[in-house]
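Subject: Structure for your attention

Dear colleague,

Please find the sequence and the structure below. A description of what was found follows them.

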Amino acid sequence: MPETEADVLTAHYRSLQRNWLVSDGSQAYGRLVVPNGNSSRPFHRWFHLKEAYSATLLPQILSDYGTPPEEHLRVFDPFSGSGTTLLSAVDHVASNSSLNVSAVGVERNPFLWELGIAKLQGRILGSALVDRVDSAFDSVIKRFKDTSVDDVPIPEQSTINNAKYFPRENVQDLVALRYAIADVDDTVARSILRVCLASSVEPCGQLRRDGRALRYAPQREPRSPLPVFTERISAATQDLTLTEPSAAFGDIHFGDGRNPPPSVGADSYDWIVFSPPYPNNIDYTEVYKTEAWILGCYDSAQDMRNQRLSTIRSHPSVRFDLDFAYRTLTVASEVDRIVEPIVNAIPDDRYATGRREVIRGYADDMFSTLRKCRDLIAKNGRLVFIVGNSAHGSQNSSSFVIAADVVMGALAELTGWRVQELKVARQLKRRTSDSEFLRESVVVLQPV
């Protein structure tokens, strides 16, 4: 039987991971690499992020691979998203009054950055924020009721202005609330109110996020913004009321995880834990654009395009820069040895150019991330990344799998890391592929 491109690619992946410990981690990690339980957990429930992982994932990792710190736990996440890793670190040490924690992250998406920092500040300050948020909310409601919504400038964005998706009066109310919140002087309270406003956007329209895109939901009856916003504030203040203030230090920098700002490197981190965007063609700038536009994160379509162009090259929605930093380094041929067999497996169809750009760009971005993280890790620290592999193509004969877990592990070995273990958290099912590498994994690295 002739060898297919899929057979060649499978052999390539097997060769790359042949010296690693690859184990079945489905029992411990299968339910943790998705956001199970987050929707009912304090702070995590402020906004549902389908792409997040469970708040209990970090404690499981620390239990399996960690040595309990005596005084200080230092955690870093270069793709902090909604802040799950950092909140989990604060929660993990909350019951140990003798243990300090520094939880630091970086996030490039302006809406997700604000979501993460609001939740993290809320978790750390806890009940000390209740009066401040209540006072800010009262002032916002007064300003909102005194505002003529007809005078509020609506963002010039087609989705928000499409009456099929959002009733005009709901958009006016949402934007009027944003302007009322802008007058709040208390920066922490203001940030929490903005997150509550963002979580009100989806119920007020007929679009839903399904993890891949925005979908029209004609069966949904849009709700009025003010009651939804009030409910979100009530849930947030309930979480704050029940939370003792923490002595933890937490911060999320607005920046690029591939090249973290110098301020995050003032410490050597015991743990670097992250889940990067997967190379699965999902454009997260697009998925969260309605919240970002309502919050005023973009002033123009060009602003949003610039945001897209500044993100990880995990999708072909825009034509990214084709400069690859690794090609200026002595390991360039080794990186090509990892990447080019995947590129060669791509069917020569109308999607081929975009797919080749994604594979090379994603590898370059992950190489940069892992290289920078190597400079930030403590001598006895660990890096753990969670990533899902993806199938591309329409049928078995022309489909191929991007095994991001294997690619990132192999790249890590070129940047001063050793793969301690690759745990397969769950096998993924797709009609187009039955590859053994179609999986989601937890990969543990040690510095060498």
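Which residue in β8 does W271 stand opposite? W271 stands opposite R382. Before the details, please note that this is a predicted model, in which local features need pLDDT of at least 70 and side-chain atom pairs count only at pLDDT 80 or more, while totals for chains, interfaces and linings use all residues. Residues are numbered from 1 along each chain as its sequence is written, and side-chain values use heavy atoms, with hydrogens and water left out.

The sheet

Helices (H or I, at least four residues) and strands (E, at least two) are DSSP runs, numbered from the N terminus. Strands count as paired if DSSP finds at least two bridges between them. An open sheet is formed by 8 strands, with mixed pairing, in the order β1-β11-β12-β8-β7-β2-β3-β6. At its edges stand β1 (22–24) and β6; each has a single partner strand, so one side of each lacks a neighbour in the sheet. From one strand to the next, the twist averages 15 degrees; axes here are lines fitted to C-alpha atoms, for helices over the stretch in contact, and angles run from 0 to 180 degrees between N-to-C directions.

Strand β7 (residues 269–274) pairs with β8 (residues 377–388) in the parallel sense over 5 bridges. β7 also runs parallel to β2, to which 2 bridges join it, and I272 in β7 is the bridge partner of F76. Of the 6 residues of β7, 6 are buried, where buried means under 20% relative accessible area, exposed over 50%, and partly exposed in between (1.4 Å probe, protein chains only).

Helices on the sheet

Helix α5 (residues 110–125) lies across β3 and β6 and runs at about 170 degrees to β6. Contact, here and below, means heavy atoms within 4.5 Å.

Helix pairs

Two packed helices are described by the angle between their axes and the distance between the axes. The axes of α7 (residues 168–182) and α8 (residues 187–201) come within 10 Å and cross at roughly 175 degrees. That makes α7 roughly antiparallel to α8; angles under 35 degrees count as roughly parallel, over 145 as roughly antiparallel, 65 to 115 as roughly perpendicular and the rest as oblique. Residues making this contact include L174 and L177 of α7 and L193 and L197 of α8.

The axes of α6 (residues 130–145) and α9 also come within 10 Å, crossing at roughly 170 degrees, and these two helices are therefore roughly antiparallel to each other. Among the residues that meet there are V133 and F137 in α6 and F229 and I233 in α9.

The largest nonpolar core has 144 residues, and I192 and F229 have the most contacts inside it. Such a core is a set of buried Ala, Val, Leu, Ile, Met, Phe, Trp, Tyr and Cys residues joined through side-chain atoms within 4.5 Å. Leaving aside neighbours within four places in sequence, I192 is in contact with W46, A118, G122, L129, V133, A236 and L240.

In helix α3 (residues 57–65), the buried residues are L57, L58, I61, L62 and Y65. Seen down the axis of α3, they fall within an arc of 135 degrees, so they line one face of the helix; the arc is that of the directions from the helix axis to the C-beta atoms.

A loop residue

P245 is placed in the loop between α9 (225–241) and β6 (249–254). With 43% relative accessibility, P245 counts as partly exposed. Not counting residues up to four places away in sequence, P245 touches I124, L125, S127 and A128.

Yours sincerely
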